[in-house]
Amino acid sequence: MFTLNINGLRRQIDLPSDTPLLWALRDYLGLTGTKFGCGISACGVCTVHANGEAIRACVTPISAVVDKQIVTIEAIDQDEIGKKVQDAWLSVNVPQCGYCQPGQVMAATALLKHTPKPTDADIDKAMSGNLCRCGTYPRIRAAIKQVAGSTEVSS
């Protein structure tokens with residue numbers, strides 16, 4: 001039995017220690033906003049925060065996050081920067097099919113928390129592990145820059 005802090009709530013999890021956090025979130029706790037993509041940490045669709053750092057829930061065992069504050073897309077609007085990122089996503093009309101967007105929003109929020117005024121190179125580096133098969137990268141960059149307060153938008 002593990003106790004995890006998920007979105008500010010202590011949750012009891014009765015699963016094997018090597019269970020990926022993604023399955024605990026989705027199947028055990030019903031938090032289905034975090035998506036399954038590749039299962040090998042290559043696409044970023046399962047990105048959540050652990051103590052403010054973007055991590056891949058598909059390859060993170062629950063035993064590795066016992067003492068950490070886990071935030072999922074379901075609670076990112078409770079974070080000031082996360083709310084701004086979500087608002088910018090809508091303002092710039094980022095989502096297309098939408099499947100990767102929870103992971104993209106989580107990665108962008110983590111970037112902006114650590115680098116409030118990211119350069120294009122910062123954005124490219126931080127977002128490079130989050131794939132979008134619809135190719136919304138220019139709009140993702142624009143949304144991140146909007147939150148950063150930049151008027152520079154390159155596509």
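Start by selecting Asn7, in the loop between β1 (2-6) and β2 (9-13). The model on screen is a predicted one. Is Asn7 buried or exposed? Asn7 is buried, because its relative accessible area is 18% and the cut-off for buried is under 20%. Now show its contacts. Leaving aside residues up to four places away in sequence, Asn7 touches Leu31, Ile70, Val71, Thr72, Glu74 and Ala75.

**Helix α2**

Next, select α2, residues 80-92. The helix has 13 residues. From first C-alpha to last, α2 reaches 18 Å, close to the 18 Å expected at 1.5 Å a residue. Which residues of α2 are buried? Colour Gly82, Val85, Ala88 and Trp89. Then look down the axis of α2: the buried residues fall within an arc of 120 degrees, so they line one face of the helix. Turn to the face directed away from that buried side. There you find the exposed residues Glu80, Leu90 and Ser91. Bring back the surroundings to see what covers the buried residues of α2. The cover includes α3 and α5 (137-148).

Lys84 counts as partly exposed because its relative accessible area is 42%, between the 20% and 50% cut-offs. Glu80 is exposed, with a relative accessible area of 60%.

How many salt bridges does the model have? The count comes to six. Select Lys113 and Asp79 for another one of them. Their closest N and O atoms are 2.6 Å apart. This pair links distant parts of the chain. Lys113 sits in helix α3, and Asp79 sits in the loop between β5 (69-71) and α2. The two are 34 residues apart. Lys113 is partly exposed, at a relative accessible area of 36%.

**The α4 and α5 pair**

Move on to Arg141 and Asp124. A salt bridge joins their side chains, at 2.4 Å from N to O. Arg141 lies in helix α5 and Asp124 in helix α4 (residues 120-127), so the pair ties together parts that are 17 residues apart in sequence. Check the exposure of each partner. Arg141 is buried, with a relative accessible area of 15%. Asp124 counts as partly exposed, at 42% relative accessibility. Salt bridges that share partners join Asp120, Asp124, Arg141 and Lys145 into one network. As background, side chains of opposite charge can pair when their charged atoms come close.

**Last stop: a nonpolar patch**

Switch to a surface view. Which residues make the nonpolar surface patch of about 260 Å²? Select Trp23, Phe36 and Tyr99. Tyr99 is found in the loop between α2 and α3 (101-114). At 35% relative accessibility, Tyr99 counts as partly exposed.

Key. Residues are numbered from 1 along each chain as its sequence is written. This is a predicted model: local features need pLDDT of at least 70, side-chain atom pairs count only at pLDDT 80 or more; totals for chains, interfaces and linings use all residues. Side-chain values use heavy atoms; hydrogens and water are left out. Patches are made of residues with over 30% relative accessible area and no salt bridge: like charges are joined within 9 Å, nonpolar side chains (Val, Leu, Ile, Met, Phe, Trp, Tyr) within 5 Å. Accessible areas come from the Shrake-Rupley method with a 1.4 Å probe; for residues, only the protein chains shown count as cover. A salt bridge is a side-chain nitrogen of Lys or Arg within 4 Å of a carboxyl oxygen of Asp or Glu. Helices (H or I, at least four residues) and strands (E, at least two) are DSSP runs, numbered from the N terminus. Buried means under 20% relative accessible area, exposed over 50%, partly exposed in between (1.4 Å probe, protein chains only). The expected span of a helix is 1.5 Å times one less than its number of residues. The arc is that of the directions from the helix axis to the C-beta atoms. Contact means heavy atoms within 4.5 Å.
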